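Morning, everyone. I have one structure to walk through today. Please take a look at it on the screen.

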Amino acid sequence: MALVAARESPGRAFLEALLRPYAQIVFSNDWPVGALVLAAIACTPGLALATLGAVAVAGVGTLLFGMGVPAVRAGGIGCIAVLTTLALTAFAPGGGSPVPAIVFGGLLSVLFAASFQAVFANVALPTHALPFIAATWVVHLALRAMPASGSFANLLQPAAWLPADLWQPSWLDVPAAIVFGHGMVPGALILLAILVYSRIGFLL
């Protein structure tokens, strides 16, 4: 009974809602894995804050659209919102502003996730990729038609506490690219997240 109570504690529910979206980027449901992925993204602090905002928007949108707390805790929709934010920042359009992009991207993640889940419900296929691609393209195309009022490049400023040498190109850019990033520290943290989740996945 104590174990069940711990699982249902508000603190654990919060950690799952916050960190599972990041864990699911490497196909895990464990919030410690999500913490490592978030730490990798946090090597660019502005980008980490943007993705946290996307998770919050997706969570609120999920509740507003009546999908319930379990859907928020599952993290799938939040994962789509995080990936959409990462892609929009990495491939920033010439117009628009980061804040509306994060908000609209998060809400579209909810709508597209619900839509594709309904379409593929009978075949039990995961639907992360299609909603992510759809939300990213819709927001990206819309931002192209808007006047520029903010810079996505500001979100990509590296953390001041990381030496410049650690951002030099290396083979660790490969795992860092999973979160649309680069650098030795982000790459190492992503590898560690994969190792914690699955030793077989790490070896592959």
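At what angle do the axes of helix 3 and helix 10 cross? Before the answer, keep in mind that this is a predicted model.

The answer is roughly 170°. Helix 3 covers residues 31-41, helix 10 covers residues 184-197, and their axes come within 8 Å. Angles over 145 degrees count as roughly antiparallel, so helix 3 and helix 10 are roughly antiparallel to each other.

Who makes the contact? From helix 3, we have Val33, Leu36, Val37, Ala39 and Ala40. From helix 10, we have Pro186, Leu189, Ile190, Leu192, Ala193, Val196 and Tyr197. By class, that is twelve nonpolar residues, no polar and no charged.

Next, the aromatics. The whole structure holds three aromatic pairs. One of them is Phe91 with Phe180. Their geometry is edge-to-face, with 6.2 Å centre to centre and 90° between the planes. This pair links distant parts of the chain, 89 residues apart. Phe91 sits in the loop between helix 6 and helix 7. Phe180 sits in the loop between helix 9 and helix 10.

Key. Residues are numbered from 1 along each chain as its sequence is written. This is a predicted model: local features need pLDDT of at least 70, side-chain atom pairs count only at pLDDT 80 or more; totals for chains, interfaces and linings use all residues. Side-chain values use heavy atoms; hydrogens and water are left out. Axes are lines fitted to C-alpha atoms, for helices over the stretch in contact, and angles run from 0 to 180 degrees between N-to-C directions. Helices (H or I, at least four residues) and strands (E, at least two) are DSSP runs, numbered from the N terminus. Angles under 35 degrees count as roughly parallel, over 145 as roughly antiparallel, 65 to 115 as roughly perpendicular and the rest as oblique. Contact means heavy atoms within 4.5 Å. Ala, Val, Leu, Ile, Met, Phe, Trp, Tyr, Cys and Pro count as nonpolar, Asp, Glu, Lys and Arg as charged, and the others, Gly among them, as polar. Rings of Phe, Tyr and Trp (its six-membered ring) pair if their centres lie within 6.5 Å; planes under 30 degrees apart count as stacked, over 60 as edge-to-face and the rest as tilted.
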